[in-house]
Amino acid sequence: MGKRIAAGILFSLVFSFNYAQEIAPFGKFLKDSIMVGEEVQYSLSVKYPLDWQLVFPDSTFNFEPFEYYTKSYFPTRTDSTHAFDSAVYTVASFEVDLVQKLQLPVYLLNGNDSTIILANTDSIFLKELVTVMPDSLKFKENVTYQAVEYAFNYPYLMIGLGILLVLLIGTYFLFGNSIRKKIKLYRMRKAYEKFSMEFERGIIRIKQSETNAELIEQILVTWKKYMEKLEDRPFTKYTSKEILKVGFEKELKTVLQTIDRAIYGAIDDDEMHKNFEALEDFTLERYQHKIKEVKHG
C-alpha cells in the first residue's frame, strides 16, 4: 500500500515537472520598491499550447505577504500553435521585511482536476523611512513623589464628547460622499470578480461542448443576472431584441442572435465560445464605464 502511494506521489511530481518544462509563466513587479501600504502592480503572463486550458489565480488565492486589491486581465492572443494570456494584479504589503517576494501559479485544467504550474519568484524592496536608530535612549530620573488627583473631570468629558461629535458631523458632510463612493466601488469590484470567475468557467465548459443548448442558455442567464445589477435594468426579463433596443444593438446584435439560434433554433456553431468571449469583453467595458461614472459622479 505504501509503495502505491509513493508511486502516485512520484507520478504527480513528474507530471507537473513535464508541464513546467513546456511552459514558463512569468511574473514581475512593475516597480523596484514600495513603502508600507503602498499599492504596486504585479504582471503575470504565460504562453501555452492552444489545446490547453489555463486559469489564473483570483482574489481567493493567498497572496502573502501581500494583500490583494484588484486584477486586470487582457483578452487571449493566439497564433497557429500557441495562446498568450496576461493579467496585472494590484497588491500592497503591510509587512516590514526589507525584501518581499511573490510567486504566483497558473492552473492547468485536466477534466475535474488541475495541475499547478508556478511562475518565477520576483522580489521588491521596502523603502525605509527611518534608516538610523540611536544606540541607546537616555532617560531622566525623577523619584520625587507626585500626588495624583483621582477625581474624574466630567466637564472635560462633556467638552471632549462635544468636540468629537462636531468632528464626526463635519467629517460626514466633508467626506461622506467620498466614503459612500468607496463603499459602492468596493461592492462593484467584488460583484464583478464573482461574475468574472463564474463566467470564465462557463466559457471553458462551452469550449468542451459547443453545441449544448442547455449549457449555453445557463451561461447566458448568468450574464443577464450580472448585467441587471450593473445597469439597474431588468435584463433577466428582457428578450434579446429588447436588450438591443435599450442601446446595445451595435455591440451585441450579432452575438445575441447567434446565441439565440443555438438555444431556440438548434443551429450548431462550432465556435460558440467566441460569442461568449465577446460578451465578456463587452461586460468589462460596461463595468469600467460604470466605475468611471461613480468616481466622477
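Glu64 sits in the loop between strand E4 (54-55) and strand E5 (66-78); helices (H or I, at least four residues) and strands (E, at least two) are DSSP runs, numbered from the N terminus. The model is predicted, so local features need pLDDT of at least 70 and side-chain atom pairs count only at pLDDT 80 or more, while totals for chains, interfaces and linings use all residues. Residues are numbered from 1 along each chain as its sequence is written, and side-chain values use heavy atoms, with hydrogens and water left out.

Glu64 has a relative accessible area of 61% and is therefore exposed, where buried means under 20%, exposed over 50% and partly exposed in between (1.4 Å probe, protein chains only). Together with Glu67, Glu95 and Asp97, Glu64 forms a negative surface patch. Such a patch is made of residues with over 30% relative accessible area and no salt bridge, with like charges joined within 9 Å. A salt bridge here is a side-chain nitrogen of Lys or Arg within 4 Å of a carboxyl oxygen of Asp or Glu. Asp and Glu count as negative, and the place of the charge is taken as CG of Asp or CD of Glu. The peptide bond from Glu64 to Pro65 is cis, with omega near 10°. Pro65 belongs to the loop between E4 and E5.

Another loop runs between helix H3 (213-231) and helix H4 (240-264). Asp232 is found in this loop, and its phi is near 60°, a positive value in a residue other than glycine. Asp232 is exposed because its relative accessibility is 70%. Arg233 also lies in the loop between H3 and H4 and, at 31% relative accessibility, is partly exposed. The C-alpha atoms of Arg233 and Val246 are separated by 9.4 Å, with the two residues 13 apart along the chain.

The whole structure holds 16 aromatic pairs, one of which is formed by Phe235 and Phe248. Rings of Phe, Tyr and Trp (its six-membered ring) pair if their centres lie within 6.5 Å; planes under 30 degrees apart count as stacked, over 60 as edge-to-face and the rest as tilted. Phe235 and Phe248 are tilted, at 6.3 Å centre to centre and 40° between the planes. Phe235 lies in the loop between H3 and H4 and Phe248 in H4, so the pair ties together parts 13 residues apart in sequence. Phe235 is buried, with a relative accessible area of 0%, and Phe248 is buried at 6%. Tyr192, Phe195, Phe199, Tyr226, Phe276 and Tyr287 form one aromatic cluster.

Definitions and conventions
Patch = residues over 30% accessible without salt bridge, like charges linked within 9 Å, V, L, I, M, F, W, Y side chains within 5 Å. Areas by Shrake-Rupley, 256 points an atom, 1.4 Å probe, with all protein chains shown as cover.
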